[in-house]
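Subject: Structure handover

Dear colleague,

Here is the structure I promised to pass on. Please open it alongside this message. My notes follow below.

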Amino acid sequence: LRQYAGGHNETWGGLTLNIDSDVLDGPLSVPNGAGDSSAPSTPSNPNPADGSAVAHAGDTWLYWKTTGDTCSVHVWGGTLDTTSAGNCSTYHLGAQSTGAYSWQVTATNGIGSTTGPVWNFNVRPASPSDLSAVPVSSTRVNLTWLASTDAVDNYLVYADGAQVASVAGNVTSFQVQNLACNRAYSFYVKAVQQGVQSDASNTANATTSSCAPALVSPLKGALVYSLQPKFTWQAVDGTAYYQIQVSLNSSFTGNAVDTTTSAASYTPAIKLTANKRYYWHVRAVDTLGHVGPW
């Protein structure tokens, strides 16, 4: 408001008044019946939350709270650097490429402007897919997967929820080794780009093949008096049958015995040769046909 003419007489409809002349330039209405008396509150309550991650290729919206009448939103990251003005609660960012992003809101009303803090969020890369797990021994499982549709930096491999390896972004297979025998495992893989992890791939399950049977009798170096000795070993859970070999050499060529049995023992149908040193070993084969170690 301002006064542009001091006290003076004016006559209107035959009546003379001494008046001051003023001009007013201001809002014709105010929200909630109360005018602004201070600058807007600092923008707060960001969604996505500061430091969080959003889905790859998702339709991203930004949300916040402030008492401002209008707001400008500055968003930057990757190849994006944009500032847009609009309402003081939401901004439609849309789908963005993978990477790290920052954003900041400035709220304005008739009194002034208030700039909020810088918030950060990440857009996850696309997940690898079609993960498969094939057990190849009692301690090893081979994994293969389809690559992420993004050009990622590396993949993280997980077994039973724990990270066991990191491989380059151009690799789509891995051999998980040093596993326990005759045990079920679950696996998944994540893609990583600029330090941002994707959602997990599908989960693939695999069971390692049977453990090596523990030999019971005859023990190493034992002197056996029967030419048809009974060979015994500890049973292995999940075994369909056992394979036993008995040979005159440790390389097991030209075996005297090479047969299978469902029992945890075997007595040769033929007589062995007297006064000879024999070697023997046993391995288990599970119900899926996976062959365990000797």
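Buried here means under 20% relative accessible area, exposed means over 50%, and partly exposed lies in between. Those cut-offs come up throughout. Please also keep in mind that this is a predicted model.

**Confidence**

The mean pLDDT of the protein is 91. Of its residues, 96% reach 70 or more. Among the elements, strand β14 (residues 154-159) has the highest mean pLDDT, at 98. Strand β1 (residues 2-12) has the lowest, at 85.

**Aromatic pairs**

There are 9 aromatic pairs in the structure. One of them joins tyrosine 101 and phenylalanine 121. This pair is stacked, with 5.6 Å from centre to centre and 15° between the planes. It links distant parts of the chain, 20 residues apart. Tyrosine 101 sits in strand β9 (residues 99-108), and phenylalanine 121 in strand β11 (residues 119-123). Is tyrosine 101 buried or exposed? Its relative accessibility is 2%, so tyrosine 101 counts as buried. Phenylalanine 121 has 1% relative accessibility, so this residue is buried too.

Tryptophan 233 and tyrosine 242 make an edge-to-face pair, because their ring centres are 5.6 Å apart and their planes stand at 70°. Tryptophan 233 has a relative accessible area of 4% and is buried. Tyrosine 242 is buried as well, at 4% relative accessibility. Both residues belong to a cluster.

**Salt bridges**

The count comes to 2 salt bridges. Take aspartate 199 and arginine 124 to begin with. Their closest N and O atoms are 3.4 Å apart. Aspartate 199 is partly exposed, with a relative accessible area of 38%. Arginine 124 also counts as partly exposed, at 22% relative accessibility.

The other salt bridge is between aspartate 160 and arginine 183, with the closest N and O atoms 3.0 Å apart. Which parts does this pair tie together? Aspartate 160 is in the loop between β14 and β15 (162-168), and arginine 183 is in the loop between β16 (173-176) and β17 (184-193), so the pair ties together parts that are 23 residues apart in sequence. Aspartate 160 counts as partly exposed, at 35% relative accessibility. Arginine 183 is partly exposed, with a relative accessible area of 38%.

**Largest pocket**

The volume of the largest pocket is about 720 Å³. Its lining has 24 residues. Which of them lie nearest the centre? They are Ala222, Val224, Lys276, Arg277 and Tyr278. Two elements, β20 (215-217) and β25 (279-286), each give two or more residues to the lining. β20 gives the most, with 3 residues. By class, the lining has 16 nonpolar, 5 polar and 3 charged residues.

**Where to look**

For a quick tour, start with the stacked pair of tyrosine 101 and phenylalanine 121. Then view the salt bridge of aspartate 199 with arginine 124. Finish at the largest pocket, by Ala222 and Val224, which are among the residues nearest its centre.

Best wishes

Key: Residues numbered from 1 in each chain as written. Predicted model: local features only at pLDDT ≥ 70, side-chain atom pairs only at ≥ 80, totals over all residues. Heavy atoms only, no water. 1 Å grid on protein atoms, 1.4 Å probe; cavity = no way out; pocket = protein on both sides within 12 Å on 5 of 7 lines; lining within 4 Å. Points joined across faces, edges and corners; volume = space filled by probe spheres on them. Helix = DSSP H or I, 4+ residues; strand = E, 2+ residues; numbered from the N terminus. Nonpolar A, V, L, I, M, F, W, Y, C, P; charged D, E, K, R; others polar. Phe/Tyr/Trp six-rings, centres within 6.5 Å; stacked < 30°, edge-to-face > 60°. Buried < 20%, exposed > 50% of the residue type's maximum accessible area, 1.4 Å probe, protein only. pLDDT = per-residue confidence, 0-100. Salt bridge = Lys/Arg side-chain N within 4 Å of Asp/Glu carboxyl O.
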